[in-house]
Amino acid sequence: MTKIEFNTLVLRQASSLRSYALHFTHDADDANDLVQDTMLKAITYYNKFKEGTNLKGWLYTIMKNTFINNYRRFVKMSTFVTKSDEISSPNLVFSSTKNQGESKFVMDDIKRALDRLPSDYYVPFTMYFEGHKYHEIADHLTIPIGTVKTRIHVARKLLKKNLKAYDNGVAKPVYAENE
């Protein structure tokens, strides 16, 4: 097969290559660039193609590998290393580690707030929190369902009051309870 015949066969695959490229890029311009890169590589390395094999499969493989290599190059270029002695505030997030210390303090405060609840409120609230239904809690404690609902409501209010330090000031939705 001559180079001109090969180029003609490759150009006939342009529309199916464009569809396949959109699968990778999800953007028409990037897909066109990927098709162009694929066709350029195919025409440049036409002597590597073995006549009688699947041309479309060969082109798809070139496209997939081109996309992967371009993606890796993009990721490598996007990753930056700061070599200065001082790291600016926006870049601190890239250089710091999280040690979960704050979470431990929060959990300790929640545990203390739960421990402060009177047992009449603690038991129904923890059972509800663990996933029990109102009627299961009522049966277990041998009290009416209305009492269970009231005790859980009061427990939530007490917990909210004891954990007020964690109220981040975010505006509550209109349908939320107001104290």
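Author: Contact means heavy atoms within 4.5 Å. Helices (H or I, at least four residues) are DSSP runs, numbered from the N terminus. This is a predicted model, in which local features need pLDDT of at least 70, side-chain atom pairs count only at pLDDT 80 or more, and totals for chains, interfaces and linings use all residues. Residues are numbered from 1 along each chain as its sequence is written, and side-chain values use heavy atoms, with hydrogens and water left out.

Reader: Which residues of H2 are buried?

Author: Buried means under 20% relative accessible area, exposed over 50% (1.4 Å probe, protein chains only). In H2, the buried residues are Ala-14, Ser-16, Leu-17, Ala-21, Phe-24 and Thr-25. Seen down the axis of H2, these fall within an arc of 165 degrees (taken from the directions from the helix axis to the C-beta atoms), so they line one face of the helix. Ser-15 and His-23 are exposed on the face turned away from the buried side of H2.

Reader: What covers the buried residues of H2?

Author: The cover includes helix H1 (3-12), H3 and H4. Just after H2, His-26 takes a positive phi of about 60 degrees.

Reader: Which residues line the second largest pocket?

Author: On a 1 Å grid over the protein atoms alone, a pocket is an open set of points where a 1.4 Å probe fits, with protein on both sides within 12 Å along at least five of seven lines; lining residues have an atom within 4 Å of a point. Here the lining includes Phe-24, Thr-25, Asp-30 and Arg-73. H4 gives the most to this lining, with 5 residues.

Methods. Helix = DSSP H or I, 4+ residues; strand = E, 2+ residues; numbered from the N terminus.
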